[in-house]
Amino acid sequence: MSWLESFTPRHIRDLVPYSSARREASSGSVWLNANENPFPRPGFEGLNRYPDFQPQALIQAYADYAGVDKEQVLVTRGIDEGIDLINRAFCQQGVDQIMFTPPTYGMYDISAKTAGLGTDEVPLGSDWQMDVGTMIERSDQSKLVYICSPNNPTGNLLKRSDIIQLLEATRDTSLVVMDEAYIEFTPENSLVNLLASYRHLIVLRTMSKAFGLAGLRCGFVLADQEVIATLQKVSAPYPIPIPVVDRVSTALSDDGQQGMKREVAMINQARKDLMRELKAFSFVEEVIPSEANFILFRVKDAEALMSVLSESGIIIRNRSTQYGLANTVRVSIGTPDEMKQLSLAFNEYEDAS
Ligand SMILES: *Cc1c(COP(=O)(O)O)cnc(C)c1O
């Protein structure tokens, strides 16, 4: 058995993936193999054909952007689908469990429970850092360990030394899934360069946040090529719509990347400004240092703040029900005009309270 096969449930090891018409044939000029309508509909040119399973130009573009080989890349319908595929490929209902570290992104839990998997929660400790000792102690019970840095909803980075300690200790027990949804806001902290040393590391990326394409639903899994090959077995045959492939390819061009970086610089500056402003308000009790495009902060009365802001039409997110986050709210960084409106509303609330 290869190293990965020992992590892979038997029903997945034995699975022969669906062989789509597109995957069986790749060149030719008369395409009569996929029951497609041969007539392109005016205004929908090219869309009478199925897309490629994993469009190679797009895969190569993301591999170049991320600094990995194209065999290490899988394109998905957002990170959310990546999480589902990983859970389905490596875990068995009623047998396996996953670990995650609340407060964190809610879909690790939901996706696992939807698939009938157990969950082991090891809460973040002081400064919202991992409790690595406990995680390592219990890691042999979990097939997958989900971590997120910068973490949502707290916004902070996890310590690189902790992550390396976790990776060192889990080589034979688990796959470590690192969610880098917000990494473009702090690119020097990516762990992609650790993929070469730790084949049990999986990195998740998305076009939804810094790239500004949440509506397209596109994400990437970066991992050892054997991991990618296993995920391909459980993927849908044609996951990515042709218009999405085209638009994401454009966003990954040099121009597209430069545009993203300009916006990241503006958002990072606006986050620092908001951070400073929040600390001065008397209704704010704690502001968590963020490296992402949002800030989580604790107030005296989260409900009251939410309802006052909503009277001005401003919607922020109450995170108070999450583990350890009583009376916290999360604000995404908006346009300069939106930040001005937010600031006005905060000042009115400050004056009234
Ligand atoms: C927004 C978010 C996602 C979802 O990403 P999609 O690619 O849009 O599915 C995943 N992980 C974290 C931590 C997020 O904040």
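**Ligand shell, pocket and backbone features**

Student: Which residues are closest to the ligand, and how many surround it?
Tutor: In this predicted model, 13 residues surround the ligand, and the closest are Asp-179, Tyr-182, Thr-206, Ser-208 and Lys-209.

Student: What is the make-up of that shell by class?
Tutor: The shell around the ligand has five nonpolar, four polar and four charged residues. Helix α4, residues 78–90, gives the most to this shell, with three residues.

Student: How far is the polar side-chain atom of Thr-206 from an oxygen atom of the ligand?
Tutor: The distance is 2.5 Å for Thr-206. In the side chain of Ser-208, an N or O atom is 2.6 Å from an oxygen atom of the ligand. Ile-79 uses its backbone instead: an N or O atom there lies 2.7 Å from a ligand oxygen.

Student: And how much of the ligand's accessible area does the protein cover?
Tutor: On its own the ligand has 390 Å² of accessible area, and the protein covers 94% of that.

Student: Turning to pockets, what is the volume of the largest pocket?
Tutor: Its volume is about 310 Å³. The lining consists of 15 residues, with Ala-270, Gly-334, Thr-335, Pro-336 and Met-339 nearest the centre.

Student: Which elements give two or more residues to the lining of the largest pocket?
Tutor: They are α10 (254–280) and α12 (336–352). The most comes from α10, with seven residues. By class, the lining of the largest pocket divides into seven nonpolar, three polar and five charged residues.

Student: New topic: how many aromatic pairs does the structure hold?
Tutor: There are 13 aromatic pairs in the structure.

Student: Why are Tyr-62 and Tyr-65 separated by about one helical turn?
Tutor: Because they are three residues apart in helix α3, which spans residues 56–66.

Student: What about the backbone: where are the cis peptide bonds at Pro-103 and Pro-153?
Tutor: Pro-102 and Pro-103 are joined by a cis bond with omega about 0°, and Pro-103 is in the loop between β2 (97–100) and α5 (107–114). The bond from Asn-152 to Pro-153 is also cis, with omega near 15°. Pro-153 is in the loop between β4 (144–148) and α7 (160–169).

Student: And what is the phi of Asp-127?
Tutor: Asp-127 has a positive phi of about 55°, although it is not a glycine. Most residues other than glycine have a negative phi. Asp-127 is in the loop between β3 (118–121) and α6 (132–138).

Key:
Residues numbered from 1 in each chain as written. Predicted model: local features only at pLDDT ≥ 70, side-chain atom pairs only at ≥ 80, totals over all residues. Heavy atoms only, no water. 1 Å grid on protein atoms, 1.4 Å probe; cavity = no way out; pocket = protein on both sides within 12 Å on 5 of 7 lines; lining within 4 Å. Points joined across faces, edges and corners; volume = space filled by probe spheres on them. Helix = DSSP H or I, 4+ residues; strand = E, 2+ residues; numbered from the N terminus. Nonpolar A, V, L, I, M, F, W, Y, C, P; charged D, E, K, R; others polar. Near = heavy atom within 4 Å. Polar contact = N/O pair within 3.5 Å; in protein donor to acceptor, adjacent residues only side chain to side chain. Areas by Shrake-Rupley, 256 points an atom, 1.4 Å probe, with all protein chains shown as cover. Phe/Tyr/Trp six-rings, centres within 6.5 Å; stacked < 30°, edge-to-face > 60°.
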